[in-house]
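Trainee: Before we look at the picture, could you help me understand the words that are used to describe a structure of this kind?
Mentor: Gladly; let us look together and take the terms in turn.

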Amino acid sequence: MTRDLPTIWGRLGQGGDPFANLMRPFESLFDDAALRRLPPAVTLPTPRLDVTADAEAITVKADLPGMAENEVEVTLEGDTLIIRGERKNEREEKDEKKAYVVQERSYGAFQRAIGVGPDIDRDKVTASFDKGVLVVKLPKTQAAKAAARRIDVKAA
C-alpha cells in the first residue's frame, strides 16, 4: 500500500503536487474572462441617512446620487416618514457588446421608513433636493416644543 502512494500523488497533481489541480479554479477567478462570467452583486439601493433632532425640528438627510427630485417620493404616514424611489440602470441597448468586469452601483426600487413620532406639525413639513441630497425638515408642534425640558445630570 505504501508503494502506491507516489503513484497516487503523481496522478492527483502535476509534478507530484497534490494541490495543483485544487488551486486552478481559484486562480481562474481572477482572470478577466472569469470576472465577466460572475453575476453582478445583488444589493439593495438603500440610501444612507443622517437624522438629527433639536427642540425645533427633526431633519432627515438622504444621499441619493444620480437621481432627480422627480424620481423621489416623500410621504408622512402616521408617525413614520417614508422615502421611496427607483434608481434606473443607465446601461444603453447599444452597450450590449460591453461586459461588466465589476458592477458595484446598485439599481432598482428602494424605500426607507423612519419613525419620527407623533409630535410633528404635519402642515409645515418641507422637502428639498440639491446635488443628490434630499433634506426633509419636520418641525415639531408647539406642544412638543413646550414639553421638552433639559434635565441636569449631577455627580453621585
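Mentor: A nonpolar core is a set of buried Ala, Val, Leu, Ile, Met, Phe, Trp, Tyr and Cys residues joined through side-chain atoms within 4.5 Å, where buried means under 20% relative accessible area with a 1.4 Å probe, protein chains only. This is a predicted model, in which local features need pLDDT of at least 70 and side-chain atom pairs count only at pLDDT 80 or more, while totals for chains use all residues. Residues are numbered from 1 along each chain, and side-chain values use heavy atoms, without hydrogens and water.

Trainee: What makes up the largest nonpolar core?
Mentor: The largest nonpolar core has 15 residues, and V60, L64, L81, I83, V116, L134 and L138 are those with the most contacts inside it. At least two residues of this core come from each of β2 (57-63), β4 (80-87), β5 (108-115) and β7 (133-139), strands being DSSP runs of E with at least two residues, numbered from the N terminus.

Trainee: Which residues is L138 in contact with, leaving aside its neighbours within four places in sequence?
Mentor: Contact means heavy atoms within 4.5 Å, and on that basis L138 is in contact with A57, I58, V60, L76, L81, V116, I120 and V125.

Trainee: Why are β1 and β2 called a pair?
Mentor: Two strands pair if DSSP finds at least two bridges between them; β1 and β2 have five bridges, in the antiparallel sense, and therefore count as paired. Within this pairing, L49 stands opposite A62 in β2.

Trainee: What makes β1 (49-53) and β6 (126-130) edge strands?
Mentor: Four strands form an open antiparallel sheet in the order β1-β2-β7-β6, and the edge strands β1 and β6 each pair on one side only.

Conventions: Buried means under 20% relative accessible area, exposed over 50%, partly exposed in between (1.4 Å probe, protein chains only).
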